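My notes follow in the order I took them.

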Amino acid sequence: MNRAALLILADGRFPAGGHAHSGGAEPAVAAGRITDASTLEEFCRGRLHTAGLVAAALAAAAATGHDPLALDQAADARTPVAALRNTARKLGRQMMRAARATWPSAELDTLAAALPRGAHQPVVLGVAARSAGLDPLDAAYAAVYETISGPATATVRLLSLDPFDASTVLARLAPELDRVAAAATASAQRVAEEGVDALPAASAPLLDISAQQHATLPARLFAS
């Protein structure tokens, strides 16, 4: 196992396209739901236990070696709005490019050929983690960290929030991140016997609605 690869995969400077996306923070700021560090923490906590849990489970299942095409269909079923499906596949394409350049593997090549328009990003993340020699829990950690670090970083730009406050939010959420990563990995371990229905399907309707509305805006700082 090459555990140091996790640092590369989770690094915000890894060229996987995440810097262009706010994870729903931009519409939340516009609507007044994020105004400071306290409300950012509430937003990130909600995102962690819904979208983060689902993404982490998909990534862990892909890192385990389960069929990525079946997992991609499961991701589609858990992403009810077109805006978020489009974003997930766009980020998946970018993650695929970065992963194939960094950790070339036949599994990445096969997935890229099967879904040239892009697989869902968590699925690609899981296959990338597997190609990098990481285990399913590592993949889950990378997914959940991205789920909250993206909005935190975006809020620094959107509100001129003190970066120290944003980092404090991430640190305060760390124990919950541990629990979500562990739960996601446990569900991924059941896929072999129970199929993809073993994976969580937690929903966040307000995130879905906001994402669809945000996608129609003529001017925005972030793609999503």
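**Entry 1: helix α7.** I started with helix α7 (residues 121-131), where nine of the eleven residues are buried, so the helix is largely enclosed by the rest of the structure. Buried here means under 20% relative accessible area, exposed means over 50%, and partly exposed lies in between (1.4 Å probe, protein chains only). Helices are DSSP runs of H or I with at least four residues, numbered from the N terminus. The buried set is Q121, P122, V123, V124, L125, G126, V127, A128 and A129. I then listed the partners: the buried residues of α7 pack against α1 (4-10), α3, α4 (68-77), α5 (82-102), α6 (106-114) and α8 (136-159). Contact means heavy atoms within 4.5 Å. After α7 comes G133, and its phi is positive, near 85°.

**Basis.** I noted that this is a predicted model, in which local features need pLDDT of at least 70 and side-chain atom pairs count only at pLDDT 80 or more, while totals for chains, interfaces and linings use all residues. Residues are numbered from 1 along each chain as its sequence is written, and side-chain values use heavy atoms, with hydrogens and water left out.

**Entry 2: α3 against α8.** How do the axes of α3 and α8 cross? They come within 7 Å and cross at roughly 150°. That makes α3 roughly antiparallel to α8. For angles, under 35 degrees counts as roughly parallel, over 145 as roughly antiparallel, 65 to 115 as roughly perpendicular, and the rest as oblique. Axes are lines fitted to C-alpha atoms, for helices over the stretch in contact, with angles from 0 to 180 degrees between N-to-C directions. On the α3 side I found L40, F43, C44, R47, L48, G52, A55, A56, A59, A60, A63 and T64. On the α8 side are P136, A139, A140, A143, V144, T147, I148, P151, A152 and T155. I sorted the residues of this contact into 17 nonpolar, four polar and one charged. Ala, Val, Leu, Ile, Met, Phe, Trp, Tyr, Cys and Pro count as nonpolar, Asp, Glu, Lys and Arg as charged, and the others, Gly among them, as polar.

**Entry 3: G52.** I picked G52 out of helix α3. Is G52 buried or exposed? G52 is buried, at a relative accessible area of 0%. Beyond its neighbours within four places in sequence, G52 contacts R47, V144, T147 and V180. I also checked G52 against R190, 138 residues apart along the chain: their C-alpha atoms are separated by 18 Å.

**Entry 4: α3 against α9.** The axes of α3 and helix α9 (residues 163-172) come within 10 Å and cross at roughly 40°. The two helices are therefore oblique to each other. A37, L40 and E41 of α3 meet D165, V169 and R172 of α9. I counted three nonpolar, no polar and three charged residues in this contact.

**Entry 5: T39.** T39 sits in helix α3 (residues 37-64). Its relative accessibility is 17%, so T39 counts as buried. Leaving out residues up to four places away in sequence, T39 touches R33 and I34.

**Entry 6: S160.** Where is S160? I found S160 in the loop between α8 and α9. S160 is exposed, with a relative accessible area of 64%. Its phi is positive, near 55°, in a residue other than glycine. Most residues other than glycine have a negative phi.
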